[in-house]
Every structure is written in structure tokens, then in C-alpha cells.
Amino acid sequence: ARLSGDAQKVHSLFGPQLATQFQAAVCLFAGLIIAFVTQWKLALVTLSAVPAVTFGGLAEMKFIIGLSASDGTEYANAGNVATETVSAIRTVLAFNLASVKVTEYHTILKRTAKTAVKKGITGGLAFGFSQFLIFGAFSLSLWYGGQLISSREADF
């Protein structure tokens with residue numbers, strides 16, 4: 001069992017993920033070389049936006065990871081109430097506790113729904129901010145490219 005587990009760990013370390021990262025690094029390096037050879041001014045302006053785009057992506061990822069971390073416990077509590085009620089249905093019915101358990105279940109779900117709405121709004125704002133930075137970088141590059149063409153410094 002340990003041998004197969006170790007093999008899976010090695011595969012996950014050096015498997016498709018490593019190949020994808022290597023491919024992305026090579027594409028980035030080749031793209032930077034081509035950009036600086038063909039139009040170095042535009043490449044510098046575009047590179048100036050990289051920190052902002054990186055910050056936006058990391059902030060979005062941090063929000064999404066932080067928001068999804070607590071999802072399981074809230075739904076697990078509601079599931080526990082339902083499971084306990086169904087598994088002990090005779091006792092619940094004997095003591096006339098069905099309405100109490102339904103109310104408890106709905107209370108947990110209402111609290112979970114409020115939290116889910118807050119998480120949705122926060123995640124949406126983080127996603128919007130990230131996309132704003134990405135498209136802002138695109139806009140900056142296109143605008144500056146247009147400026148270079150209009151001043152005849154570039155002739156794509």
C-alpha cells in the first residue's frame with residue numbers, strides 16, 4: 001500500500017503539472033524575447049502591468065480559497081441533524097420532536113444561506129477586481145501600441 005501511495009505522490013510531483021508549468025515558463029520566456037526584439041517600448045509598458053495583474057490574481061485566489069474552506073462544516077452540521085433525525089425517527093416521533101428537528105434544520109440552513117450570500121458577493125467582487133486589472137493591462141497595452149503607431153515609432 002505504501003509503495004503505490006509513494007508512486008502516486010511521485011507522479012503528482014513530476015506528472016502533468018510539472019510539464020504544464022515547464023510549458024508555461026518556456027512560452028513566457030519566448031514571448032518576452034519576441035516582444036523585446038520586435039517592439040521593446042511596448043514590451044516594457046506591458047511588463048509594467050504584470051505586478052498589478054499578479055496581485056489581482058493572487059488576491060482572488062486567496063479570497064476563493066478562504067471562502068471555500070468553511071463551506072463543508074456548515075453543510076455538515078445540517079446533514080448531521082437530518083441524519084440523526086432520520087436514523088432515530090421512531091424516537092423523534094414518539095416524543096413529538098419532528099417540528100423541533102425541522103426548525104433546527106431550517107435554522108442551520110438559513111444561517112448557511114446568509115453566509116453563502118456573503119461569500120458569493122465577496123468572491124464576485126474579488127473576481128471582478130482581478131478581471132478589471134487584467135483588462136486594464138490589455139487596455140494599457142493596446143492604447144500605448146496605438147500611440148506608437150500614430151507617432152510612427154511602430155509599424156506593425
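Which residues form a nonpolar patch on the surface? The points below take up this patch, then the salt bridges, the aromatic pairs and one end of a helix.

1. The model. This is a predicted model, in which local features need pLDDT of at least 70 and side-chain atom pairs count only at pLDDT 80 or more, while totals for chains, interfaces and linings use all residues. Residues are numbered from 1 along each chain as its sequence is written, and side-chain values use heavy atoms, with hydrogens and water left out.

2. The nonpolar patch. Phe 36, Trp 40, Leu 44, Leu 47 and Val 50 form the patch, and together they have about 440 Å² of accessible area. Patches are made of residues with over 30% relative accessible area and no salt bridge; like charges are joined within 9 Å, and nonpolar side chains (Val, Leu, Ile, Met, Phe, Trp, Tyr) within 5 Å. Accessible areas come from the Shrake-Rupley method with a 1.4 Å probe, and for residues only the protein chains shown count as cover. Helix H3 (residues 40-48) gives the most to the patch, with three residues. Helices (H or I, at least four residues) are DSSP runs, numbered from the N terminus.

3. Phe 36 is in helix H2 and is partly exposed, with a relative accessible area of 32%. Buried means under 20% relative accessible area, exposed means over 50%, and partly exposed is in between (1.4 Å probe, protein chains only). Leu 32 is also placed in helix H2 (residues 16-38), and its relative accessible area of 29% makes Leu 32 partly exposed.

4. The salt bridges. There are two salt bridges in the structure, each a side-chain nitrogen of Lys or Arg within 4 Å of a carboxyl oxygen of Asp or Glu. One joins Glu 153 to Lys 41, with the closest N and O atoms 2.3 Å apart. This pair links distant parts of the chain: Glu 153 is in the segment after H7 and Lys 41 is in helix H3, 112 residues apart. Glu 153 is partly exposed at 41% relative accessibility, and Lys 41 is partly exposed at 25%. Another salt bridge joins Glu 104 to Lys 101, where the closest N and O atoms are 3.5 Å apart. Both of these residues lie in helix H7, three residues apart, which is about one turn of the helix.

5. The aromatic pairs. The structure holds three aromatic pairs. One of them is Phe 55 with Phe 129, which is edge-to-face, at 6.3 Å centre to centre and 85 degrees between the planes. Phe 55 is in helix H4 (residues 50-69) and Phe 129 in helix H7 (residues 98-150), so the pair links distant parts of the chain, 74 residues apart. Rings of Phe, Tyr and Trp (its six-membered ring) pair if their centres lie within 6.5 Å; planes under 30 degrees apart count as stacked, over 60 as edge-to-face and the rest as tilted. Phe 55 counts as exposed, because its relative accessibility is 51%, whereas Phe 129 is partly exposed at 38%. The rings of Trp 143 and Tyr 144 have centres 6.4 Å apart and planes at 45 degrees, so this pair is tilted.

6. Ser 150. Ser 150 is in helix H7 and counts as exposed, because its relative accessibility is 55%. A polar atom of the Ser 150 side chain lies 3.0 Å from the backbone oxygen of Gln 147.

Methods. Helices (H or I, at least four residues) and strands (E, at least two) are DSSP runs, numbered from the N terminus. A polar contact is a pair of N or O atoms within 3.5 Å; within protein, one must be able to donate a hydrogen and the other to accept it, and residues adjacent in sequence count only if both atoms are side-chain atoms.
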